[in-house]
Amino acid sequence: MTQRPEDETSFGFRTVKAGEKAGLVRGVFDSVAGRYDVMNDLMSGGVHRIWKSVMLDRLAPQPGQLLIDVAGGTGDVARGFLQRANSRSRGGVPAQAVICDINFEMLCAGRDSAGDADPLGDQLERICGDAEMLPLAANSRDAYTIAFGIRNVTDMDAALGEAYRVLRPGGRFACLEFSHPITDGLQKIYDAYSFNVIPWLGEMVANDRESYQYLVESIRRFPSQDAFAARIRAAGFSRVAYENLTGGVAALHMGWKI
Ligand SMILES: C[S@@+](CC[C@H](N)C(=O)[O-])C[C@H]1O[C@@H](n2cnc3c(N)ncnc32)[C@H](O)[C@@H]1O
């Protein structure tokens with residue numbers, strides 16, 4: 001792989017100054033926030049819900065646990081975590097979740113769709129913040145989740161370091177991200193679908209082809225399953241493992257802070 005100067009990074013297939021990336025990513029999600037949830041269902045045929053459900057199964061949320069869902073967007077992962085924890089509750093201390101996202105519009109879209117009478121409202125907090133500099137104390141969370149967010153972050157290693165910092169010893173890290181299909185046949189079908197259909201859907205449904213072109217390109221730039229697992233280990237996590245979902249179209253990486 002060609003070495004890039006340290007102050008440069010990728011924004012999809014483009015190379016940009018590292019300092020510009022967060023603003024460009026913010027522009028993408030400002031633009032798609034209002035149609036984000038419907039586009040997610042359309043693009044994946046609803047399969048993203050199954051992937052998120054696998055992540056929550058593995059985490060097995062418990063009453064009283066504290067979650068931070070980073071790049072949480074409209075909040076479906078945090079909500080799923082709380083619903084599962086509540087279903088195990090015998091009336092003790094409820095679980096709590098913080099949704100942290102750099103994009104105010106995404107947080108607002110989630111709050112608007114939950115409505116004023118949100119039954120999970122007392123258990124949820126939304127914070128506008130950067131994965132690279134989380135506004136939370138060290139050793140303060142039982143679980144850290146990030147779904148389809150880390151590839152958008154400028155300095156992934158800084159974000160992984162922050163995940164490690166905010167988790168308490170014994171805390172769990174879970175990252176769900178688009179990844180790399182494990183067979184050539186699936187890769188070809190997936191390429192044809194994502195480079196042709198997704199930008200077209202973006203144009204038709206969200207009136208924004210460019211943002212969805214970026215999303216597809218950023219997926220191709222993401223490290224392989226093994227390379228990403230090595231970076232999670234380098235951040236300090238133990239017992240790091242991953243699970244390919246839908247033949248590697250997505251992967252769930254997990255680890256423990258021991
Ligand atoms: C593809 S969406 C995923 C949203 C949600 N987790 C889901 O699975 O549907 C990516 C999210 O990452 C957020 N994001 C991008 N860069 C970020 C950063 N540096 N820190 C926190 N959030 C970030 C975006 O604003 C956007 O809401």
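Reader: What should I know before I start?
Author: The model is predicted: local features need pLDDT of at least 70, side-chain atom pairs count only at pLDDT 80 or more, and totals for chains, interfaces and linings use all residues. Residues are numbered from 1 along each chain as its sequence is written.

Reader: How are helices and strands named?
Author: They are DSSP runs, numbered from the N terminus: helices are H or I with at least four residues, strands are E with at least two.

Reader: What is the strand order in the open sheet?
Author: First, the rule for pairing. Two strands pair if DSSP finds at least two bridges between them. Here seven strands form an open sheet in the order E5-E4-E3-E6-E7-E9-E8. The pairing is mixed.

Reader: Why is one side of E5 and of E8 left without a neighbour in the sheet?
Author: Strand E5 (124-128) and strand E8 (238-245) stand at the edges, and each has a single partner strand, so one side of each has no neighbour in the sheet. From one strand to the next, the twist averages 15°.

Reader: How do I follow the pairing of E4?
Author: Start with its bridges. Strand E4 (residues 96-101) runs parallel to E5, joined by five bridges. Asp 101 stands opposite Cys 128 in E5. E3 and E4 also pair in the parallel sense, over five bridges. There, Leu 67 stands opposite Ala 97 in E4.

Reader: Is strand E3 mostly covered or mostly open?
Author: Burial is a count of neighbours. A residue is buried if 20 or more other C-beta atoms lie within 10 Å of its own, exposed if 12 or fewer, and partly exposed in between, with C-beta atoms placed from the backbone. Strand E3 (residues 66-70) is mostly covered, with four of its five residues buried.

Reader: Where do the side chains of a strand point?
Author: In a regular strand the side chains alternate between the two faces of the sheet.

Reader: Which strands does helix H9 lie across?
Author: Contact comes first: two residues are in contact if their C-beta atoms, placed from the backbone, lie within 7 Å. Angles run from 0 to 180 degrees between N-to-C directions, and axes are lines fitted to C-alpha atoms, for helices over the stretch in contact. Helix H9 (residues 225-234) lies across strand E7 (167-178), E8 and strand E9 (250-256). H9 runs at about 155° to E8.

Reader: How do helices H7 and H8 cross?
Author: Their axes come within 7 Å and cross at roughly 150°, with H7 at residues 184-206 and H8 at residues 209-221. A crossing is left-handed if the near helix is turned anticlockwise from the far one by less than a right angle, and right-handed if clockwise. The crossing of H7 and H8 is right-handed. Residues in the contact include Phe 195 and Ile 198 of H7 and Tyr 212 and Leu 215 of H8.

Reader: Is Ser 194 buried or exposed?
Author: Ser 194 is in helix H7. Ser 194 counts as buried because it has 20 C-beta neighbours inside 10 Å. The C-alpha atoms of Ser 194 and Gln 213 are separated by 8.7 Å, and the two are 19 residues apart along the chain.

Reader: What does H2 do with H7?
Author: The axes of helix H2 (residues 36-44) and H7 come within 11 Å and cross at roughly 145°. This crossing is right-handed. Val 38, Met 39, Leu 42 and Met 43 of H2 make the contact with Ile 198, Leu 201, Gly 202, Val 205 and Ala 206 of H7. By class, that contact has eight nonpolar, one polar and no charged residues. Ala, Val, Leu, Ile, Met, Phe, Trp, Tyr, Cys and Pro count as nonpolar, Asp, Glu, Lys and Arg as charged, and the others, Gly among them, as polar.

Reader: What surrounds the ligand?
Author: A residue is near a molecule if its C-beta atom, placed from the backbone, lies within 6 Å of it. Here 22 residues surround the ligand, and the closest are Ala 71, Gly 73, Asn 103, Ala 131 and Ala 147. H1 gives the most to this shell, with three residues.
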